[in-house]
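Please consult the sequence and the structure as you read.

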Amino acid sequence: MEKTYKHLSLEQPMMIQAQLSMGIKPAAMARELGRLPSTISRELRRNGWVRPPTFRSRGRPWVAGG
(Lines give C-alpha, C1' and ligand atoms only; values in the text may rest on other atoms or scores of the structure.)
Protein backbone atom coordinates (compact mmCIF):
# COMPACT_ATOMS: atom_id res chain seq x y z
CA MET A 1 0.00 0.00 0.00
CA GLU A 2 1.51 3.31 -1.09
CA LYS A 3 1.15 6.54 0.80
CA THR A 4 -0.28 9.49 -1.05
CA TYR A 5 0.97 12.97 -0.31
CA LYS A 6 -0.85 16.19 -1.02
CA HIS A 7 0.92 19.51 -1.32
CA LEU A 8 -0.52 22.72 0.02
CA SER A 9 -2.52 24.59 -2.57
CA LEU A 10 -1.38 28.03 -3.69
CA GLU A 11 -3.93 29.75 -1.45
CA GLN A 12 -3.17 27.83 1.74
CA PRO A 13 0.26 29.39 2.54
CA MET A 14 -1.29 32.84 2.06
CA MET A 15 -4.13 31.87 4.40
CA ILE A 16 -1.61 30.63 6.97
CA GLN A 17 0.28 33.94 6.81
CA ALA A 18 -2.93 35.95 7.19
CA GLN A 19 -4.08 33.86 10.14
CA LEU A 20 -0.67 34.23 11.81
CA SER A 21 -0.95 37.99 11.59
CA MET A 22 -4.37 37.74 13.29
CA GLY A 23 -2.85 35.71 16.13
CA ILE A 24 -4.55 32.40 15.38
CA LYS A 25 -2.73 29.37 16.76
CA PRO A 26 -1.32 26.75 14.37
CA ALA A 27 -3.61 23.98 15.69
CA ALA A 28 -6.67 26.12 14.93
CA MET A 29 -5.31 26.84 11.44
CA ALA A 30 -4.91 23.12 10.84
CA ARG A 31 -8.53 22.45 11.81
CA GLU A 32 -9.78 25.22 9.55
CA LEU A 33 -7.67 24.11 6.56
CA GLY A 34 -8.42 20.41 7.05
CA ARG A 35 -4.75 19.54 7.53
CA LEU A 36 -2.78 17.87 10.28
CA PRO A 37 -1.18 20.22 12.84
CA SER A 38 2.23 18.74 11.95
CA THR A 39 1.77 19.95 8.35
CA ILE A 40 1.15 23.50 9.50
CA SER A 41 4.03 23.50 11.98
CA ARG A 42 6.36 22.04 9.34
CA GLU A 43 5.36 24.79 6.90
CA LEU A 44 5.93 27.45 9.56
CA ARG A 45 9.32 26.00 10.51
CA ARG A 46 10.34 25.76 6.85
CA ASN A 47 9.60 29.46 6.33
CA GLY A 48 11.34 30.72 9.45
CA TRP A 49 8.34 31.59 11.63
CA VAL A 50 9.17 32.10 15.29
CA ARG A 51 6.52 31.99 18.01
CA PRO A 52 6.15 35.46 19.56
CA PRO A 53 7.16 35.65 23.23
CA THR A 54 4.39 35.41 25.78
CA PHE A 55 4.41 37.78 28.71
CA ARG A 56 3.48 36.73 32.19
CA SER A 57 0.80 38.77 33.86
CA ARG A 58 1.48 37.80 37.48
CA GLY A 59 4.47 37.43 39.75
CA ARG A 60 7.78 39.20 39.75
CA PRO A 61 8.81 41.12 36.68
CA TRP A 62 11.59 39.61 34.56
CA VAL A 63 13.86 42.59 35.31
CA ALA A 64 13.37 43.99 38.77
CA GLY A 65 14.40 47.29 40.30
CA GLY A 66 17.46 49.43 39.80
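Predicted model: local features only at pLDDT ≥ 70, side-chain atom pairs only at ≥ 80, totals over all residues.

Q: Which residues of H3 are buried, and within what arc do they fall?

A: Helices are DSSP runs (H or I, at least four residues), numbered from the N terminus. In H3, Thr39, Ile40, Glu43 and Leu44 are buried. They line one face of the helix, because their directions, seen down the axis of H3, fall within an arc of 130 degrees.

Q: Why are the buried residues of H1 on the same side of the helix?

A: Helix H1 spans residues 11-21, and its buried residues are Gln12, Ile16, Gln19 and Leu20. They are on the same side of H1 because they cover an arc, around the axis, of only 105 degrees. The arc is taken from the directions from the helix axis to the C-beta atoms.

Q: Against which helices do the buried residues of H1 pack?

A: On the other side of H1, Met14, Gln17 and Ser21 are exposed. The buried residues of H1 pack against helix H2 (26-33) and helix H3 (37-46).

Q: At what angle do the axes of H1 and H3 cross?

A: Axes are lines fitted to C-alpha atoms, for helices over the stretch in contact, and angles run from 0 to 180 degrees between N-to-C directions. The two helices are roughly perpendicular to each other, a term that covers 65 to 115 degrees. The axes of H1 and H3 come within 12 Å and cross at roughly 85 degrees.

Q: Which residues does Leu20 touch, not counting residues up to four places away in sequence?

A: Leu20 lies in helix H1 and is buried, with a relative accessible area of 15%. Leu20 and Trp49 are 29 residues apart in sequence and 9.4 Å apart in space, C-alpha to C-alpha. With contact meaning heavy atoms within 4.5 Å, and residues up to four places away in sequence not counted, Leu20 touches Met29, Leu44 and Trp49.

Technical notes. Residues numbered from 1 in each chain as written. Heavy atoms only, no water. Buried < 20%, exposed > 50% of the residue type's maximum accessible area, 1.4 Å probe, protein only. Parallel < 35°, antiparallel > 145°, perpendicular 65-115°, else oblique.
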